[in-house]
Amino acid sequence: QVHLMESGGGLVQAGGSLRLSCAASGSFFSINDMAWYRQASGKERELVASITSNGGTNYADSLQGRFTISRDNAKNTVYLQMNSLKPEDTAVYYCNARILSWNRTLRNYWGQGTQVTVSS
């Protein structure tokens, strides 16, 4: 059973920073792409950033360089460093990972979500 566990959310003032972490646990062959999504109240879930197994990254245009995604393959962990936070960044942040099982089946997994609240 594969499990994604997020941590690092919380309440921060506008202009502050937070670092989210997401660790994959369980038995699997490898992890392909990892990503962070977010869903604000009353809105659809949207991609924040993604990273390939080789470190290639992709970001939502709206972030304007404020967020940085990274990963530690040895720890099966992906991070999201969020700087210059704005109230509009308030959302539940979800970790996503495409994981290859031992029988070479590729499946999509989600974490339970972590709340980020930015006060003005």
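Reply: Glu46 and Arg38 are joined through their side chains by a salt bridge, with N and O 2.7 Å apart. The term salt bridge is used here for a side-chain nitrogen of Lys or Arg within 4 Å of a carboxyl oxygen of Asp or Glu. This is a predicted model, in which local features need pLDDT of at least 70 and side-chain atom pairs count only at pLDDT 80 or more, while totals for chains, interfaces and linings use all residues. Residues are numbered from 1 along each chain as its sequence is written, and side-chain values use heavy atoms, with hydrogens and water left out.

Buried means under 20% relative accessible area, exposed means over 50%, and partly exposed lies in between (1.4 Å probe, protein chains only).

Arg38 also forms a salt bridge with Asp89, where the closest N and O atoms are 2.9 Å apart. Arg38 belongs to strand β4 and Asp89 to the loop between β8 (77-82) and β9, so this pair ties together parts that are 51 residues apart in sequence. Strands are DSSP runs of E with at least two residues, numbered from the N terminus.

Asp89 has a further salt bridge, to Arg66, with 2.7 Å between the closest N and O atoms. Since Arg66 lies in the loop between β6 (57-59) and β7, and Asp89 in the loop between β8 and β9, the pair ties together parts that are 23 residues apart in sequence. Asp89 counts as buried at 1% relative accessibility, and Arg66 counts as buried at 10%. Through shared partners, the salt bridges join Arg38, Glu46, Arg66 and Asp89 into one network. The count of salt bridges in the model is 3.

Next come the strands. Strand β4 (residues 30-39) pairs with β9 in the antiparallel sense over 8 bridges; two strands pair if DSSP finds at least two bridges between them. Ser30 stands opposite Leu100 in β9. Strand β9 (residues 91-100) is mostly covered, with 8 of its 10 residues buried. Strand β11 (residues 114-119) runs antiparallel to β9 and is joined to it by 3 bridges, with Ala91 facing Val116 as its bridge partner. Another antiparallel partner of β9 is strand β10 (residues 106-110), over 5 bridges. There, Asn96 has Trp110 as its bridge partner. β9 and β10 form a hairpin with 5 residues between them, and Arg104 in the turn has a positive phi of about 70°.

Trp110 also meets a charged side chain: Arg45 lies over the face of Trp110, at 4.6 Å from the ring centre. Arg45 lies over the face of Tyr94 as well, at 3.7 Å from the ring centre. For this, NZ of Lys or CZ of Arg must be within 6 Å of the ring centre and within 35 degrees of the ring normal.

Definitions and conventions. Helix = DSSP H or I, 4+ residues; strand = E, 2+ residues; numbered from the N terminus.
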